[in-house]
Amino acid sequence: MNRKMASVTGTIICLFRNDLRVHDNEALHWAIKNGTHVLPLYCFDPRHYKGTYHFNFPKTGANRFKFLLESVADLRQSLQSKGSNLIVRVGKPEEVVPQLIECVGKNMVQGLVYQGEVTEEELTVEQGLNKKCGVKVHTVWGHTLHHKEDLPFNPKNVPDVYTQFRKRVEEQAPVRSVIPTPDRLKPLPPGIEEGTIPTPHDLGVQESTTDPRTAFPFAGGETTGVARLQNYLWDTDHVAQYKETRNGMIGADFSTKFSPWLAHGCVSPRFIYSEIKKYEAKRTANQSTYWVIFELLWRDYFRFVALKYGNKIFFSGGILGKDIPWKKDMRQFEAWKSGTTGVPYIDANMRELLATGFMSNRGRQNVASFLTKDLKLDWRLGAEWFESMLIDHDVCSNYGNWLYSAGIGNDPRQDRKFNIVKQGLDYDAQGDYVRLWVPELSKVTGGDVHTVWALSNTVLSHAEVSLGETYPKPLLVAPEWGRHSAKSRGRPQGKGDKPQRNRGIDFYFKSS
Ligand SMILES: Cc1cc2nc3c(=O)[nH]c(=O)nc-3n(C[C@H](O)[C@H](O)[C@H](O)COP(=O)(O)OP(=O)(O)OC[C@H]3O[C@@H](n4cnc5c(N)ncnc54)[C@H](O)[C@@H]3O)c2cc1C
């Protein structure tokens, strides 16, 4: 950089983190308001491309990285169209920001602004920035629908039961208005290299591939996120059926699919809320339109729970501090993560996650219950695998939901356990979802596919399935599943055919 060119006063560095958008962006708004020049910055932090904390899974999987790259590229384009640019660096923000301050000239930089986070790794970055930058640092609250300062209680006292939180927030906390999108941005300080957006290879991330079966066929970025909102509400009216369709398993439209955009901050929850309110005023206000907001409040809730409990959300015993002797049977875990447990509904969901980075909420609840309540494996294996794989990974929602599923979080019913077979039959009655993701069972007809181990030899051979060869024998068969096998449901097994009893399958519980 040519230092002589830097005749600039009052530059604000606006560090983008999980707020990759121009609309309703409080940090950007603050920067524009307070600086003569604004330097928008995104750092690809190498720590995000190492291993997860305990189990060393790739911290950012291929599908999420693709979404992130698309989001950063889209943000750059938006900022360029408004007379600025996105400066991109690979490096730790605590090191990159001081270097940029040096480049611009310390006395020219008036401050740094970013959206604050609540969990340890992110807070460590903030502490580093505060220590090393030597300029005024301004932190804004974002990410949630309800602003922290508008809660009707001290966030440290957030109720431990969601319903209590929701009712008080709905009754007493307003949702702030959306901050207007700036038409033009303040100029960049001169002479700063824009920097190249890295490739997966640069950061040691695998290249992603698109699976045509995906329920999330979208690209990342504010532009596509806002288009999805427009489509789900205004173009198709899907939002008016959300409550009835939200537990679906196949296709893009059974639920909103807002989560990856929300997790990366490409779309603000307040913007979604304001569009739903407009939709309710102009078209329909019903249980479904309300229910999207109800779900957004879950997202808020887990963020405030993380704020309240700090690192306890990562502990083995969770926020309840329970002493549970979790197993660490890696053979069973490998089967779970690769979708080869021999339990078709679990395998279908886990394979979808592996191939696409997405899984429905119904699927997530089931695979989490299976891991923690049936296999009794350490819940953190599951949480870290999700952290690696999910395109919508959000540390508070992920760990909060895992704690909930494991019975060491905010579920008032701590003994909740999903009956996987019943769930499969309730939400995939004809087995279409299983056959989509587990093609080796494609010739097993109807809902029988959920209890493939209970089918007779004749049925299995007709469907070209050989348990233990073409498809695994189940790791376990829970006693309560028996109530839902084809036989119990009164389905014929095939002419003159008896279901074979225990063909080499160890019933509850087989461990290695
Ligand atoms: C074990 C487990 C782990 C999860 N990990 C994550 C995660 O890392 N990131 C994430 O965004 N969601 C997570 N969820 C919540 C939920 O599964 C996803 O938000 C949802 O499936 C995303 O699809 P959607 O956008 O179509 O959701 P919709 O059903 O359309 O819901 C609308 C929005 O509400 C929010 N929401 C819905 N359900 C929840 C919930 N239970 N907790 C928090 N927010 C919710 C999401 O922002 C979602 O986009 C997890 C759930 C479980 C059971």
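## Around the ligand

Helix 10 gives the largest share of the shell around the ligand, six residues. In this predicted model, 29 residues surround the ligand. The closest are Ser-255, Thr-256, Glu-295, Asn-398 and Asn-401.

Other helices take part too. Helix 8 (259–264), helix 13 (361–374) and helix 15 (395–406), like helix 10, each supply at least two residues of the shell. By type, the shell divides into eleven nonpolar, eleven polar and seven charged residues.

## The nonpolar core

The largest nonpolar core has 131 residues. Helix 10 (residues 287–309) provides the largest share of this core, eight residues. The core draws at least three residues from domain 1 (3–142) and at least three from domain 2 (143–177 + 222–311). In soluble globular proteins, nonpolar side chains tend to be buried together.

Ile-13, Cys-14, Leu-39, Leu-41 and Val-97 have the most contacts inside the core. Take Leu-41. Neighbours within four places in sequence aside, Leu-41 is in contact with Ile-13, Cys-14, Leu-15, Phe-16, Ile-87 and Leu-100.

## A buried loop residue

Phe-358 sits in the loop between helix 12 (344–356) and helix 13. Phe-358 counts as buried because 24 other C-beta atoms lie within 10 Å, and the cut-off is 20 or more.

Which residues does Phe-358 touch, leaving aside neighbours within four places in sequence? The contacts are Thr-214, Ala-215, Phe-216, Glu-352 and Ile-391. Ala-215 is 143 residues from Phe-358 along the chain, yet their C-alpha atoms are separated by 7.2 Å.

Conventions:
Residues numbered from 1 in each chain as written. Predicted model: local features only at pLDDT ≥ 70, side-chain atom pairs only at ≥ 80, totals over all residues. Core = buried A, V, L, I, M, F, W, Y, C linked by C-beta atoms within 7 Å. Buried ≥ 20, exposed ≤ 12 C-beta atoms within 10 Å, placed from the backbone. Helix = DSSP H or I, 4+ residues; strand = E, 2+ residues; numbered from the N terminus. Domains from an automatic or database assignment. Contact = placed C-beta atoms within 7 Å. Near = placed C-beta within 6 Å. Nonpolar A, V, L, I, M, F, W, Y, C, P; charged D, E, K, R; others polar.
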